[in-house]
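These are my notebook entries from a first look through the model, written in the order in which I looked things up.

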Amino acid sequence: MSGTIAKPDRLTCAASRAARELDLKRGEFDLAVNLGLIRTVPDEGGGGRRVARAELDRLRAEDGFPGALRERVATAGTNEGAELMDVTPARFTSLARFGLLVPVHFYLNRYRTVVWLYLAEELRQFASEASNARLLTGRAPAEVREGLKAGLDRRPRNWRGRHIGFLLRQAGDDPWAHAAAVACLLDPADVAEVVEEPYERAHLDRCRPRLPAHGAPGSPAADRAQELMTASEPDEVAWFRADLAHTMETARRQRPAPRPAPEPAPRPVLALTSAPGPVPAPASVPEPVAASVEDRSVPPAHTPSHGVLGWLRRRGRRPAG
């Protein structure tokens with residue numbers, strides 16, 4: 001029928017359905033969204049991101065679908081990555097710890113050991129560049145060896161730097177979403193020092209993006225993951241704090257944080273005093289009941305004031321007997 005408006009759920013679909021239609025696992029789909037390979041739109045009902053039907057049609061029409069899309073989000077761990085780069089796992093780990101290979105995801109195995117994952121496409125590209133040949137064969141450069149001796153491990157920081165890019169892409173031009181993305185990677189104490197107003201911090205929490213879940217909340221695995229996802233190095237913390245302070249200034253100007261409505265002022269209580277007014281009429285006096293025959297010697301209450309003489313005269317007119 002002409003003039004009919006299509007429902008939003010017919011123009012878009014949820015992430016789980018979009019992943020099935022694109023023949024992707026949910027983890028692959030989320031990574032594709034983070035990398036900007038799949039465009040999403042916000043859910044007007046607040047239920048998370050959705051994918052437009054037009055976007056699904058665009059992806060399905062690309063050459064090599066679905067294999068080409070799946071290849072772009074393929075990941076590899078240490079052993080698989082070492083095979084792709086034709087190096088030993090030890091050399092691969094050294095390059096990653098020094099910060100030359102940037103992880104895209106991590107998880108904790110059953111022993112609570114951190115397993116870092118890397119984009120397979122990036123590993124192949126790194127190995128193919130001639131400038132990196134000296135890093136792949138022979139003795140590792142001196143700076144790499146010295147860094148590893150000092151316990152250097154840039155993998156957590158590199159993951160945070162990459163993930164903040166994912167979050168800021170999803171935040172778009174919304175300064176509150178931008179600030180919330182930065183705040184979620186900071187320690188709460190740092191956020192409280194930068195954002196002192198409690199109503200603003202509460203609004204940041206409402207805008208807070210979801211970070212990858214690792215185990216039940218409060219479990220050792222979740223605590224370990226939270227430690228990895230929180231900025232820890234001094235210069236890194238300083239950068240996040242400066243970005244948060246700058247973005248908060250923009251957010252305040254564009255749209256101040258909501259606050260509860262002020263309570264109305266209490267109404268004054270007036271003392272109850274007797275106001276001047278008309279004098280109330282006296283209560284009506286009931287008519288006296290006529291005296292009975294046996295008690296006629298008692299004068300009625302309304303006897304006129306003629307004295308005893310008038311009363312004796314009236315008694316003289318009483319009939320006999």
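Predicted model: local features only at pLDDT ≥ 70, side-chain atom pairs only at ≥ 80, totals over all residues.

Buried here means under 20% relative accessible area, with exposed over 50% and partly exposed in between, using a 1.4 Å probe and protein chains only. Strands (E, at least two residues) and helices (H or I, at least four) are DSSP runs, numbered from the N terminus. In a regular strand the side chains alternate between the two faces of the sheet. Because six of the six residues of E6 (residues 114-119) are buried, I noted the strand as largely enclosed by the rest of the structure.

Residues are numbered from 1 along each chain as its sequence is written, and side-chain values use heavy atoms, with hydrogens and water left out.

Next I looked up the partners of E6, where two strands pair if DSSP finds at least two bridges between them. Strand E5 (residues 105-108) runs antiparallel to E6 and is joined to it by four bridges, with Leu 108 opposite Val 114. Five residues lie between the strands of this hairpin, and Arg 112 takes a positive phi near 60° there. Strand E4 (residues 75-76) also pairs with E6 in the antiparallel sense, over two bridges, and Thr 75 has Leu 119 as its bridge partner.

Last, I turned to Glu 200, which sits in helix H14 (residues 198-207) and counts as buried because its relative accessibility is 7%.
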